[in-house]
Amino acid sequence: MLKPDEAFSGFSVDDIPKAKDFYGRVLGMEVSDEHGMLRISIGSGKAVLAYPKDNHVPATFTILNIPTDDIDEAVADLGRKGVAFERYEGTTDAKGIARGIENGMGPDIAWFKDPAGNIVSVLKNP
């Protein structure tokens with residue numbers, strides 16, 4: 001029988017130690033080693049797995065969305081830690097934030113890449 005309450009997601013990376021440092025130290029998430037993979041806590045007892053893949057190809061979509069109460073402060077803080085935000089012409093402002101709330105177009109969101117090139121975001125919901 002399926003156990004949907006125990007479902008989890010995962011994504012590949014090309015360097016587990018770099019991913020552990022990034023998700024743990026830079027993003028401040030709880031990260032633990034689990035059978036050669038990383039277990040990244042996302043709260044409420046839930047986690048996502050980052051697994052090594054020799055022929056890793058970065059995801060072309062957002063693999064993880066991290067909510068924040070203050071997107072401007074989150075972007076500034078991550079920028080001070082060396083995170084570079086993606087810029088999408090006609091979508092993001094000078095800080096790299098898509099201002100969806102004020103335009104009635106969903107959340108305010110800013111995208112960046114992890115060391116493996118996967119796309120991650122911080123967002124503030126309306």
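1. Glutamate 73 is partly exposed, at a relative accessible area of 41%. The cut-offs are under 20% for buried and over 50% for exposed, with partly exposed in between (1.4 Å probe, protein chains only). The side chain of glutamate 73 meets that of arginine 80 in a salt bridge, 3.0 Å from N to O. Here a salt bridge means a side-chain nitrogen of Lys or Arg within 4 Å of a carboxyl oxygen of Asp or Glu. Arginine 80 is exposed, with a relative accessible area of 58%.

2. On the basis of the values: this is a predicted model, in which local features need pLDDT of at least 70 and side-chain atom pairs count only at pLDDT 80 or more, while totals for chains, interfaces and linings use all residues. Residues are numbered from 1 along each chain as its sequence is written, and side-chain values use heavy atoms, leaving out hydrogens and water.

3. More on charge pairs. The structure holds 8 salt bridges. Lysine 20 forms one of them with aspartate 33, and their closest N and O atoms are 2.7 Å apart. That pair links distant parts of the chain: lysine 20 sits in helix 1 and aspartate 33 in strand 2, 13 residues apart. Helices (H or I, at least four residues) and strands (E, at least two) are DSSP runs, numbered from the N terminus. Lysine 20 is partly exposed at 33% relative accessible area. Aspartate 33 is exposed at 51%.

4. Aspartate 72 and lysine 95 form another salt bridge, with the closest N and O atoms 3.0 Å apart. This pair also links distant parts of the chain: aspartate 72 in helix 2, lysine 95 in the loop between helix 2 and strand 6, 23 residues apart. Both partners are partly exposed: aspartate 72 has a relative accessible area of 27%, and lysine 95 has 44%. Which residues belong to one network of salt bridges that share partners? They are Asp72, Asp93, Lys95 and Arg99.

5. Two strands pair if DSSP finds at least two bridges between them. Strand 2 and strand 3 (residues 37-43) run antiparallel and are joined by 4 bridges. Glutamate 34 stands opposite methionine 37 in strand 3.

6. Contact means heavy atoms within 4.5 Å.

7. The largest nonpolar core has 29 residues. Such a core is a set of buried Ala, Val, Leu, Ile, Met, Phe, Trp, Tyr and Cys residues joined through side-chain atoms within 4.5 Å. Tyr23, Leu27, Ile40, Phe112 and Val122 have the most contacts inside this core. Elements that each supply at least two of its residues include strand 5 (62-67), helix 2 (71-80), strand 7 (108-113) and strand 8 (119-124). The largest share, 5 residues, comes from helix 1. Another core, of 5 residues, lies apart from it; among them are Ile109, Trp111, Ile119 and Leu123.

8. What does tyrosine 23 touch, not counting residues up to four places away in sequence? Its partners are Phe11, Gly28, Met29, Val31, Ile40, Ile63, Leu64, Asp114 and Val120.

9. The structure holds 5 aromatic pairs. Rings of Phe, Tyr and Trp (its six-membered ring) pair if their centres lie within 6.5 Å; planes under 30 degrees apart count as stacked, over 60 as edge-to-face and the rest as tilted. The phenylalanine 22 and phenylalanine 112 rings have centres 6.2 Å apart and planes at 55 degrees, so this pair is tilted. Phenylalanine 22 lies in helix 1 and phenylalanine 112 in strand 7, so the pair ties together parts 90 residues apart in sequence. Both residues, phenylalanine 22 and phenylalanine 112, are buried.

10. Phenylalanine 85 also pairs with phenylalanine 112: the ring centres are 5.4 Å apart and the planes stand at 70 degrees, so the pair is edge-to-face. Phenylalanine 85 lies in the loop between helix 2 and strand 6 (97-99) and phenylalanine 112 in strand 7, so parts 27 residues apart in sequence are tied together. Phenylalanine 85 is buried at 11% relative accessible area, and phenylalanine 112 is buried at 0%. Ring pairs link Phe11, Phe22, Tyr23, Phe85 and Phe112 into a cluster.
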